[in-house]
Amino acid sequence: MIRAGQMYRYYLRETVVGDGRRPARTPLRAAQEQAGVPVGRWMGRGLAVLGLVPGEEVTEAQLRNLFGERGRHPYAGRIEADRLAAGDSAKKAFKAGALGRRVTVTGVDFVFRPQPTIYLLWAFGDDEARRVIEAAHERAIERVLEWIEDEVAVIRYGKDGIYRVRPPGGLVAARFRHYEARSGRPLLHDHLLLSVKGQRLDGKWGSIHTTALYENTVAASALYNELVAAEVCEALGLATEPRTVTPGRRPVMEIAGVPHELIRWTSRRSDQIAACLAELEHEYVTAVDDDGELKFLPVVSERARAKMNQIAALKTRPPKQKTQPLAQLRAWWKVSAILTSKVAADVINSLLEHARAAAAAIRARVAAVVDVALAAIDVTATVFVMNEGGRFHRRHLLAEARRHLALVLRGRRRDPGVDDQVVAAAISAHCLDITEPKTVRGLEAGYRLYTARWALSDLPARRRPPTPAPDPDRQPPADPGEPAEPRPPGQDAGEWEIPRIPLLYDRAVLAGAVVREKLRTTTVRGRAYDVVAHQQAAMPEQLLAPEPADPEHDDQEQKPGRREALDMTALRALRESRTDVEALDVTAERLRHLQDAFSEAADRAHSTMNRYTRRDDTETPHPVRRDDQQVHHPQDPGPHRGREAGH
């Protein structure tokens, strides 16, 4: 959030010059040239009203007026001088250069950066690859800004902001490009300083509701990630694949063929944060009060871990370094990666060719299957499980729908509006409107409150893990400041396994599998193929079995005792009838491999959930009831106002 005053001066002193340090009394253009970063550029449909052109250079005077002077016209100085020359008073001339009322919060800072594998290709590729990636990066930002203008931004006016209207003329933003992270490693990213000023239909200027912008940041981020990956993959002949970074959390989509060791090479900050986080977790689970009793639960919840992660990021934040020209940075990055990343030099020098070879293998074996009905099930199940109380808004569904499309399309472009189709199908078929509006805002479509229609009684209720009984042999610490449990000898904090509550994404994946299985067993034979193809498109590449060596054994019957998770008979019949299963090249051997992979994944999810949710033998389990999911009690807390689903 950009505020007039000290916060704006920080942006003018550091952000606009590549996060370096702008020398005192140095003109903005000269400081940017010294830092080796490009000049800022104007964006947004609202530029025409202000007499600006998209792509025009951002000057210091324009920035000061729009962001530093509480929302004045970028050419306020010129307007004021013309009015004074025409004989207007100083007060009228000053008012003519203002865009409505003066505000304290003048803008919002959005940071756009592509996936690590994309900016690694940008850092190590040739000039043509670099230009393609930067162009895709810019187009993705433009598309996201257009979506914000059309679907998110609203101007509030009237008493208590009762009236809300989209800015018909669009918004105004200044974009500044950076090339590196604080660690000095490559990190292509842009800061988009979005002005809160917008013009209504009556010509008056108002302020954009910043809460609406922040509520949709996850959906905007998912849209950007999806668009930039599809643009880069189509232009360079690449494909994406899901990679699990943290067990139990959702996979991230990265460019296939780029070694994970290179991502680790860029993530020095992440390693520092992780080491500090391990220390904080150890302090958390061993903290004791004055009586020597544990202060907290002996496990780390997701909410506590998120807070500690923020603390770790601040504690390990290094000072900013002096920026360097891009050509020099790219040379240094390549030498550093060859020497320290443990990746062969020929792989780094031909990284694009390796990625193209991996993409060819993926696209030959994995088809892009977008089934709106099945996607709606996955999206609803994930959002239902991962939002507190099982309640969510449309924006949560939209963000998850965009993540899902990126997962199944593997870097291919999609038709516009498919994400909205998935959301519409989810709301109409699987969501129950439980809105109890108390304000006009609650009646709007974007603020309707939903929960899932179906009862996932197969899933255990989300409960806090029971506190284990104290060990009678363990003596209380002599000093309350000492840890209650010493870490195992010979292990550092990062090696000591901290007990944590199972992550919600494990439960969300299992929820989607439960509903899909019910759909498969209660519909016609052909629908079984849809489920399989839909699941195959979302599988990590390493779980797809290779072609069988002997084609004669392709239709071999299953071995006795194997769990029948997929309808093999129906799938063989569909393939013999020359349906599109043949185009997918789904052999029986591969389907059996997929069946085992999904069964093992479900077993792991069950095991993870049951690890900390067991009750005492004398206690009766409490299944999830339909009433628990469909009834919204007035005394319950309001809509979830925390982080977006799965983020």
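These entries record what I looked up about the aromatic rings in this structure.

I worked from a predicted model, in which local features need pLDDT of at least 70 and side-chain atom pairs count only at pLDDT 80 or more, whereas totals for chains, interfaces and linings use all residues. Residues are numbered from 1 along each chain as its sequence is written, and side-chain values use heavy atoms, with hydrogens and water left out.

Entry on ring pairs. I counted five aromatic pairs, taking rings of Phe, Tyr and Trp (its six-membered ring) as paired if their centres lie within 6.5 Å, with planes under 30 degrees apart called stacked, over 60 edge-to-face and the rest tilted. Y10 and Y11 make an edge-to-face pair, because their ring centres are 5.7 Å apart and their planes stand at 85°. I then looked up accessibility (buried is under 20% relative accessible area, exposed over 50%, partly exposed in between, with a 1.4 Å probe and protein chains only). Y10 is partly exposed at 26% relative accessibility, while Y11, at 9%, counts as buried.

Entry on the tryptophans. W122 and W333 form a tilted pair, with 5.8 Å from centre to centre and 50° between the planes. This pair joins distant parts of the chain, since W122 belongs to helix α6 (residues 116-124) and W333 to helix α13 (residues 326-340), 211 residues apart; helices here are DSSP runs of H or I, at least four residues, numbered from the N terminus. I found both W122 and W333 buried, and together with Y179 they form one aromatic cluster.

Entry on charges over rings. I required NZ of Lys or CZ of Arg within 6 Å of the ring centre and within 35 degrees of the ring normal. The charged end of R72 sits over the ring of F94, 4.0 Å from its centre, and R78 lies over the face of Y75 at 4.2 Å from the ring centre.

Methods. Helices (H or I, at least four residues) and strands (E, at least two) are DSSP runs, numbered from the N terminus.
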